[in-house]
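Please walk through this model with me, one chain at a time. Keep the sequence and the structure side by side.

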Amino acid sequence: MSVELGDLTGKFGSDLNNDPPAAKRRKDLESIFRFFSILTVLVFVVLASRLVYLQFIASDQYTTTSEENRIKLLPIPAMRGDIVDRNGITLATSIPVYNAYVTYLGLQNTDMNGVIERIAQILGANDPKITPDYIKNLINNQKFRLYEPILIKSGLSETEVAMLEERRADLPGLVVEKGPVRSYPPYEGTRIAGHMLGYVREISEDELKRLSEQKTDQKYDLNDMIGKFGLEKAYESYLRGEDGYQQVEVNRTNRPIRNLFTQDPIPGNRLVLTIDAKVQKAMEDSMDKTLTQLQRENPKAKAGAAVAINVKTGAILGMVSRPNLDPNDFIGVMDQSMADYYFRSDPPAHINRTIQAAYPPGSTFKPITAMAALEAGKLDPHEHITCTGAYWEKPNIKCWQVHGSVDLNDALAKSCNVYFQEMGRRAGIDYINQVAREFGLGQETGIALPGEEEGLLPGRDWKRAWGSSYANNRYQARIRELEKQTQEQLNNAQTEEEKQKIQKKDSQMRKTIERDYKSDMNYWPYWQAYETYNTSIGQGRNQYTILQLGNYIATLANGGTRYQPYLVDHIESPDKQIVQQFNPTVINQVSVSPENIALVRKAMHAVADEGGTANYLFQDFPFQVAAKTGTAETGRAGDNKEKDYHGVFVAFAPFDNPEIAFAGVIEYGYHGGSSAGVVARAAFEQYFGLKPSASGALVPAGHVEE
Amino acid sequence: MHRKLIRNLDYTLAAVVVLLLAFSLVVMRSASANVGAEPLDFVIKQTLWIFTGLVIIGISLFFRYQTFARYSWYIYGFNLVILLSVILVGVNVNGAHRWINVAGFQFQPSEFAKLFIIVGFADFLTTRQGRLDTLKDLLPCFIYIAVPMLLILKQPDLGTSLVFLAIMLGMMMIAGANKKIMGLLTFGSLAVAIFAIYGHMTWGWWLPLQDYQIKRLIIFLDPDIDPLKSGYHIRQSLIAIGSGGLFGKGLFQGSQAQLNFLPEHHTDFIFSVIGEELGFIGSVSLLALFLMMILRGIKIALDARDTYGTLVVTGIVSMWLFQVLVNVGMTTGIMPVTGIPLPFVSYGGSAMITNMTCIGLLLNVCLRRQSITF
């Protein structure tokens, strides 16, 4: 390419060759063309040097950027594992749906407003929320992550998918992709077990931060779904599975051109529950029916809870909470009225009332009192106590009626308050505490559901803490009040004499308050006799969750072995291998002797037998049932003491060889038997497969009446 | 045309041009693979333009190039008419009127305008030779160029207007214009332009340019300040060329070009495709071909039989040099984005025919460098 400048000596107009001015002109021209040539070479040297920089020195860096340009990882979400009942009936599943996304990179060099308008027109037809402004808002919200697809609508209908595909050419930047969404299918017409199942929602930024700090194997990204409540939360790590990804080559509109590598997602594991969908549904239906009926008597009767437990294992067979929670309501955006229903209404529906609420047990506590007195050696089952309608010790707490002379069976069957106050007095609070604790009252059961309440088993220790804090608060409040008052009076005082008077009065008052404080401290931190009487009949400060009550009855029914209640029987991998099998776990063996337990069980049988408070419930059962009703003061401010009682009910069956235990409450249900008792009956009927026979008596299904 | 003239043919130049065109077609095949509906669409059309150009070269060689000088004012007038017609009846593409439809073909008159202005201006300067010393002498020259240039700027086509300035500068320097005045004007206006743009950016001074044009002019200084919009072209072009490395990714293998990350990659940014797919070797070879072509051009200009021939060739060579500098400079991020195509390589019929006609003129001047005695 080199051209010798000396060679540039061609003839510039040969006719001028011998002309001196022309020769000078020629020389000028040569020199200026020499300059031109040097300039040309310089230009090319500059360009070539730039290429040296780009293609040698900075090449690695540009190669990386080029790869980042072209290769994208598209996550393939894993199917979340199903949750099924003990018989394989699906309670929660994942279904693939079509989602519509837009990518900003695809939109940016197009008639963006027009495209958004068209998308809104198609997707907004059945969903008035989707307007052009709504889509623009979504894009704007993601302005720092524009390379990521922006979800416009989830769960497209087939028509919508077809319409979008048809107009694909008019909709640059729109991507329609399949992805799984959680679904909770109905069982025989109703969606069951909502509170227990819980729900999933998009991970919050706080959760994301917390999980990334924990450094677990589970990696979450924004927009990922995570279990927020119930089993979905408790078994998140099993259910979730592992997202796969597709390594694709994309063009500049981010449309995949070629698949480079695919890592298949690993679906989540399947939870097989201990729940029996039939029993669960029977309990829920019966609870709904009972609530509707009770509301006619007392409009406050809107909430309730019940559990049914296998007494030989601690496996839960059914678990109901009302007002109902439908996990499907938690998919996507929740509107205001729905949010109010779950979180702000009275009573709020979100609470799982079997474990997240504590109720006064009422008379269902009496078997504990009986066992404590028996263990203390101070109860002879044949001894008769005379009920005159109120206990003879102060504060003379009343009985429901005058029961006359009653022994243990009569007393429990008729729920005599006088008898059990006396037995409580004889046993003493420490014995009662010990027995109640062994049966799991006032402690978390350890069930694998989030948010369990502890309840409260009152005793001396609790009283000491509560009483001194009460006395201290009272003292401090009075001192503050006095100081304020004195200061005011001093400010208003005219003369020195007046002030001295006020000061004197102040120091007198102080002495009084100090004296009162001392006497308070001698009284409030100490357990009082009347508190034992209250506790003995399940009133006062007693508060337990329905699951605690259920497990206490299961322990009583099986002869004294307390199991940890559980909901998951086993976990299966997608290829049906058992990942984990949950076996019954014994928490403790109660110290109450089998004989004494048997005596109390017999007394509970009397409750459901002729003359007992729950006799009418199970009269037509082909086997014997043991039960205890409870009518508990609500302890809530503003309630009417005449009629506002919670109806509590516990039972187990069959009496001679117990299989299933039940505990339930219906808020403002008044009588335990006619409220929660009805739910117990429905649970037992379904569990034992009882069907009304021709004669009206119940027989086990499949049995022909002889 | 006399047979003896053929002996004067510049075979080196002819070979360089043939290589350049072959290079262009091979790269076009790859660069346009994902652009049109038919993969060969652009290659076939470009080939058609090349053959049209060859026919024009063949025919033009039979005429003495001096003939153009005789009609220089008609050519100048015709040029103004077509440039005006673009503004009046031109086709609007992306907000610019650059094209006119004639018999089903779309022409880009600003490409032909460059050629017309060269052959006209060469005559204009020849008649003023030796009288280009004072500013008063130079002023008519500036007006001669300014009229068509402003019409092009109106389209708006900033790039081509700048090419006019380069052509004017080159030709006037060779014609013997006062070096001091020319130098002062060149560097003075460059300084004023830079200062004006700086003023526009800092204090919001008014400029006769659209905002997008100003943004494109300065974005090459730091493309990362706006990587998704005005900086996008440059960034993607740098990534393409840089990732090409020494040997390139191979034809059809350049992900930047084939996956459309690189915009306009068969026209203004075709050099980026060469850098990406053929690497340093390919892009430097192309530059070498351009350098040889321009240096051959300079030699032809120097050897021309008369001043008119010298000036015509100078105009053509100035045009090419400027276009190569600005186009390659733009794709490598050292020059503003002005939308100037790479001669002989970028896709475009008007440009190809113009450039081929220029080759014809070069050869014509070369063939007739001596008086032929019959």
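Chain B holds 15 helices and three strands. The model is a predicted one. Of the 374 residues in chain B, 50% count as buried. Take the contacts in chain B with a separation of 6 or more: residues 24 or more positions apart account for 70% of them.

Start with a pair of helices in chain B. A packed pair is described by two quantities, the angle between the axes and the distance between them. Here the pair is helix H2 (residues 11-31) and helix H13 (residues 270-303) of chain B. Their axes come within 10 Å and cross at roughly 160°. How do H2(B) and H13(B) run, roughly parallel or roughly antiparallel? Angles over 145 degrees count as roughly antiparallel, so H2(B) is roughly antiparallel to H13(B). The crossing of the two, H2(B) and H13(B), is left-handed.

Now look at the side chains that line up there. From H2(B), the contact residues include B:Leu13, B:Val16, B:Val17, B:Leu20 and B:Phe23. B:Thr12 and B:Ser30 of H2(B) take part as well. H13(B) answers with residues including B:Ile270, B:Val273, B:Leu286, B:Leu289 and B:Met292. B:Glu277 and B:Arg296 are also among the H13(B) residues in the contact. By class, the contact of H2(B) with H13(B) has 15 nonpolar, two polar and two charged residues.

Next, move to helix H9 of chain B, residues 179-203. H9(B) is hardly covered: among its 25 residues, the count of buried ones is zero. B:Gly204 follows H9(B), and its phi is positive, near 70°.

Chain A comes next. Its secondary structure comes to 23 helices and 23 strands. Buried residues make up 41% of the 706 residues in chain A. Among contacts in chain A between residues at least 6 apart in sequence, 72% join residues at least 24 apart.

Finally, bring the chains together.

How values were computed
Residues are numbered from 1 along each chain as its sequence is written. Chains are lettered from A and ligands numbered from 1 in the order in which they are written. This is a predicted model: local features need pLDDT of at least 70, side-chain atom pairs count only at pLDDT 80 or more; totals for chains, interfaces and linings use all residues. Helices (H or I, at least four residues) and strands (E, at least two) are DSSP runs, numbered from the N terminus. The expected span of a helix is 1.5 Å times one less than its number of residues. A residue is buried if 20 or more other C-beta atoms lie within 10 Å of its own, exposed if 12 or fewer, and partly exposed in between; C-beta atoms are placed from the backbone. Axes are lines fitted to C-alpha atoms, for helices over the stretch in contact, and angles run from 0 to 180 degrees between N-to-C directions. Angles under 35 degrees count as roughly parallel, over 145 as roughly antiparallel, 65 to 115 as roughly perpendicular and the rest as oblique. A crossing is left-handed if the near helix is turned anticlockwise from the far one by less than a right angle, and right-handed if clockwise. Two residues are in contact if their C-beta atoms, placed from the backbone, lie within 7 Å. Ala, Val, Leu, Ile, Met, Phe, Trp, Tyr, Cys and Pro count as nonpolar, Asp, Glu, Lys and Arg as charged, and the others, Gly among them, as polar.
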